[in-house]
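Here are my notes on this model, as numbered points. Please read them with the structure open.

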Amino acid sequence: MNNRTIVMLSGEGMSTNILYHSLQKHFEIDTVIIEKKVDRKDFLKKRIRKLGYLKVVGQILFQGVIAGRLKKNSAKRRLEIMQQFALNNATIPANKIKNVDSVNSSEAIGLLQKLQPAIVVVSGTRIISKKVLESIDGKFLNIHAGITPHYRGVHGAYWALVNNDRENCGVTVHLVDAGIDTGEILYQQKITITPKDNFVTYPLLQLAEGIEFLKQAINDIFENKLRPIKTPGKGNLWHHPTFTQYIFQRLVHHIK
């Protein structure tokens, strides 16, 4: 393949920084298109319409009371993972970044059409519209924190452990389509959970493992060796746990 242009289509945050620096060691990342964060009020309104008021309140309580404490208490373990996999959370160079209101905006489409990348690496964005996916000929790739189709949505490793399904506690590298984590599978890999790990370290382990397979997928595209596998069914879509869900699983089943 002659075209080796790689663009990232991303949300702002730690995982995007890590992904950029990990890929930049092996490939040239031309541009990182970063969308603004979704307005929190609009996000919560949509979530309430979808899941109901009580569930969303429970999720907010979990994030506010438990997740923050887990993150603070897991600082040492997170650093261990960063060092083990040589992950770099440094800020992305400003000259590489283009900011847009949304990955689905006409501005984002215009940038993609101007750059004409062979590969678009997706990281932490809202659901990408079909219009964007069809705006260029390049492949859109994503690291999903879960084994699809069993664990679509968020926190796939945590929910696999809740379901006593360690065989599907892992990460997927897949092509992006207009669905939620329903794109064709390229690679899947289990992650190794230690007693020191918990809800906030699982995603970092998944990202670290997924990066290696994302590199392979990029090479596959450049060498015309890509062999996607159709996702077998739609599986289940998982959301953030609520405060009571997490406490129950922690106390009864010892899932951290």
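1. Start at His155. This residue is buried, because its relative accessible area is 17% (buried means under 20%, exposed over 50%, partly exposed in between, with a 1.4 Å probe and protein chains only). His155 sits in the loop between S6 and H7. Its phi is near 60 degrees, a positive value in a residue other than glycine.

2. A word on the basis. This is a predicted model, in which local features need pLDDT of at least 70 and side-chain atom pairs count only at pLDDT 80 or more, while totals for chains, interfaces and linings use all residues. Residues are numbered from 1 along each chain as its sequence is written, and side-chain values use heavy atoms, with hydrogens and water left out. Helices (H or I, at least four residues) and strands (E, at least two) are DSSP runs, numbered from the N terminus.

3. His155 also lines the largest cavity, together with Gly156, Ala157, Tyr158, Phe199, Tyr202, Pro203 and Gln206. Helix H7 (156-162) and helix H8 (202-222) are the elements that give two or more residues to this lining. By class, the lining has five nonpolar, three polar and no charged residues (Ala, Val, Leu, Ile, Met, Phe, Trp, Tyr, Cys and Pro count as nonpolar, Asp, Glu, Lys and Arg as charged, the others, Gly among them, as polar).

4. How much space lies in the largest cavity? About 30 Å³. A search of the whole structure finds one cavity of 30 Å³ or more. A cavity here is a set of points, on a 1 Å grid over the protein atoms alone, where a 1.4 Å probe fits but cannot get out; lining residues have an atom within 4 Å of a point. The volume is the space filled by probe spheres set on the points, which are joined across faces, edges and corners.

5. Two further backbone points deserve a look. Most residues other than glycine have a negative phi, and most peptide bonds are trans. A cis peptide bond joins Thr148 and Pro149, with omega about 0 degrees. Pro149 is in the loop between strand S5 (139-144) and strand S6 (152-153). Asn224 has a positive phi, near 55 degrees. Asn224 lies in the loop between H8 and strand S9 (237-238), and counts as exposed at 55% relative accessibility.

6. The count comes to ten salt bridges (a side-chain nitrogen of Lys or Arg within 4 Å of a carboxyl oxygen of Asp or Glu). In one of them, Lys96 pairs with Glu28, the closest N and O atoms being 2.5 Å apart. The partners are 68 residues apart and link distant parts of the chain. Lys96 is buried at 13% relative accessibility, whereas Glu28 is partly exposed at 48%.

7. Glu80 forms a salt bridge with Lys196, at 2.9 Å between the closest N and O atoms. Here 116 residues separate Glu80, in helix H4, from Lys196, in the loop between strand S8 (185-190) and H8. Glu80 is partly exposed at 25% relative accessibility. Salt bridges that share partners join Arg77, Glu80, Lys196 and Asp197 into one network.

8. Last, the surface. Ile48, Tyr53, Leu54, Val57, Leu61 and Val65 make a nonpolar patch of about 560 Å² (residues with over 30% relative accessible area and no salt bridge; nonpolar side chains, Val, Leu, Ile, Met, Phe, Trp and Tyr, are joined within 5 Å, like charges within 9 Å). Areas come from the Shrake-Rupley method with a 1.4 Å probe, and for residues only the protein chains shown count as cover. Helix H3 (residues 53-73) gives the most, with five residues. Ile48 is found in helix H2 (residues 40-51) and is partly exposed at 31% relative accessibility.

Note on methods:
On a 1 Å grid over the protein atoms alone, a cavity is a set of points where a 1.4 Å probe fits but cannot get out, and a pocket is an open set with protein on both sides within 12 Å along at least five of seven lines; lining residues have an atom within 4 Å of a point.
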